[in-house]
Amino acid sequence: MKLAIFDFDETLIKENSLSYLFKNILDSKYLLPKLLSIFFKLSTFTNVYNFGIKYTIKRHLYLSCLNGVSEKQLFESGEIVSGKLTPLSKVLDKLIELDKKGVRIWIITATPTPFVKGVINQLSWPVSEVIGTELYKHNGVFTGEFGEECIKDEKVKVIKQAIELKGISPLITDAYGNLPVDIPMLMLASNAYSVNNGNIYTFK
C-alpha cells in the first residue's frame with residue numbers, strides 16, 4: 001500500500017482555516033471583543049511564559065468558541081466555510097494525481113479533525129483519512145480543551161499510531177507541508193515537498 005501525507009492549512013489551502021472556524025462558531029461581531037478580552041487576560045503570565053503568547057491566545061479561543069460545541073456542529077462548520085477557503089491548485093493537482101495512481105491520501109493537520117473532515121466532504125476531495133488536533137469531550141460535546149497540538153513531532157507520532165492501529169505497513173511515497181514546522185513529517189516520505197505561497201519545492 002502506498003500512502004501520501006499532506007498538511008492542510010497553507011499547504012492545500014491558502015488560508016489558516018482556524019480563524020474561519022472561530023468566526024463561524026462565534027458570530028464574527030463578537031470575535032474582536034473576545035480577542036480583546038483575551039489580551040487583557042494575559043496577566044496569566046505563567047501560561048505566556050511557558051507556552052508563548054500565540055499558544056496562550058489559541059487555547060483561550062478554543063475554550064471560548066468550542067466549549068459545548070458538538071462534533072456534528074464542527075463538521076457542519078467545515079462544510080459551511082469551505083466555499084470561503086482558497087485551494088492551492090498546484091498542490092491539489094498533485095493530490096488528485098496521486099489518488100488516480102492508487103495512492104491513499106491522508107491529511108495531517110493542527111486544525112480539529114471534524115472541521116477539516118467537513119471541508120473535505122464539501123469539496124469532494126479524495127482523502128481517506130484526516131488526523132488533526134483532538135479535542136476533549138464531556139457528555140458528548142467538546143470542552144474546548146485539547147492535549148498535544150498536532151504539529152511538528154506530534155504529527156509523526158499520530159501517523160505512526162494510526163498505521164499501527166490499522167495494522168498496515170504502507171510505503172509513504174510523498175509528503176507535502178510547510179517549513180520548518182512540518183520537517184519531521186516530511187522526513188517520513190521517500191519524496192518530500194515544501195509549499196510556500198502555493199508553490200512546490202523539493203525538500204529532499
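A residue counts as buried when its relative accessible area is under 20%. Cys-150, at 1% relative accessibility, therefore counts as buried. Cys-65 has 4% relative accessibility and is buried as well. The structure holds 0 disulfides. These values come from a predicted model.

The sheet is the place to begin a tour of the fold. Strands of a sheet pair through backbone hydrogen bonds, either parallel or antiparallel. Here 6 strands make an open sheet with mixed pairing, in the order S3-S2-S1-S6-S7-S8. Strand S3 (129-133) and strand S8 (199-202) stand at the edges; each has a single partner strand, so one side of each has no neighbour in the sheet. From one strand to the next, the twist averages 20°. Helix H8 (residues 153-166) packs on this sheet, where it touches strand S1 (2-6), strand S2 (104-112), S3 and strand S6 (171-177). The direction of H8 makes about 135° with that of S2.

At the S8 end of the order, strand S7 (residues 191-196) and S8 run antiparallel and are joined by 4 bridges. Tyr-193 stands opposite Thr-202 in S8. Tyr-193 also belongs to an aromatic cluster, together with Phe-6 and Tyr-176.

The aromatic residues can be followed from there. A pair of aromatic rings is described by the distance of the centres and the angle of the planes. Searching the whole structure gives 4 aromatic pairs. In one of them, the ring centres of Phe-6 and Tyr-176 are 4.7 Å apart and the planes lie at 5°; planes under 30 degrees apart count as stacked, so this pair is stacked. Phe-6 is in strand S1 and Tyr-176 in strand S6, 170 residues apart, and the pair thus links distant parts of the chain. With 0% relative accessibility, Phe-6 counts as buried. Tyr-176 is buried too, with 3%.

Another aromatic pair, Phe-22 with Tyr-62, is edge-to-face, with 5.6 Å centre to centre and 80° between the planes. Because Phe-22 lies in helix H1 (residues 18-25) and Tyr-62 in helix H4 (residues 53-66), this pair ties together parts that are 40 residues apart in sequence. Phe-22 and Tyr-62 are both buried.

Two loop residues complete the picture. Asn-178 sits in the loop between S6 and helix H9 (183-186). Its relative accessibility is 12%, so Asn-178 counts as buried. The side chain of Asn-178 makes a polar contact with the side chain of Thr-11 at 3.1 Å, and it reaches the backbone oxygen of Val-195 at 3.4 Å. Apart from neighbours within four places in sequence, Asn-178 is in contact with Asp-7, Asp-9, Glu-10, Thr-11, Ile-183 and Val-195.

Ser-128 is in the loop between helix H7 (113-123) and S3. Ser-128 and Arg-104 are 24 residues apart in sequence, and their C-alpha atoms are 6.5 Å apart in space. Neighbours within four places in sequence aside, Ser-128 is in contact with Arg-104, Ile-105 and Trp-106.

Definitions and conventions: Residues are numbered from 1 along each chain as its sequence is written. This is a predicted model: local features need pLDDT of at least 70, side-chain atom pairs count only at pLDDT 80 or more; totals for chains, interfaces and linings use all residues. Side-chain values use heavy atoms; hydrogens and water are left out. Two strands pair if DSSP finds at least two bridges between them. Axes are lines fitted to C-alpha atoms, for helices over the stretch in contact, and angles run from 0 to 180 degrees between N-to-C directions. Contact means heavy atoms within 4.5 Å. A disulfide is a pair of cysteine sulfur atoms within 2.5 Å. Buried means under 20% relative accessible area, exposed over 50%, partly exposed in between (1.4 Å probe, protein chains only). A polar contact is a pair of N or O atoms within 3.5 Å; within protein, one must be able to donate a hydrogen and the other to accept it, and residues adjacent in sequence count only if both atoms are side-chain atoms. Rings of Phe, Tyr and Trp (its six-membered ring) pair if their centres lie within 6.5 Å; planes under 30 degrees apart count as stacked, over 60 as edge-to-face and the rest as tilted.
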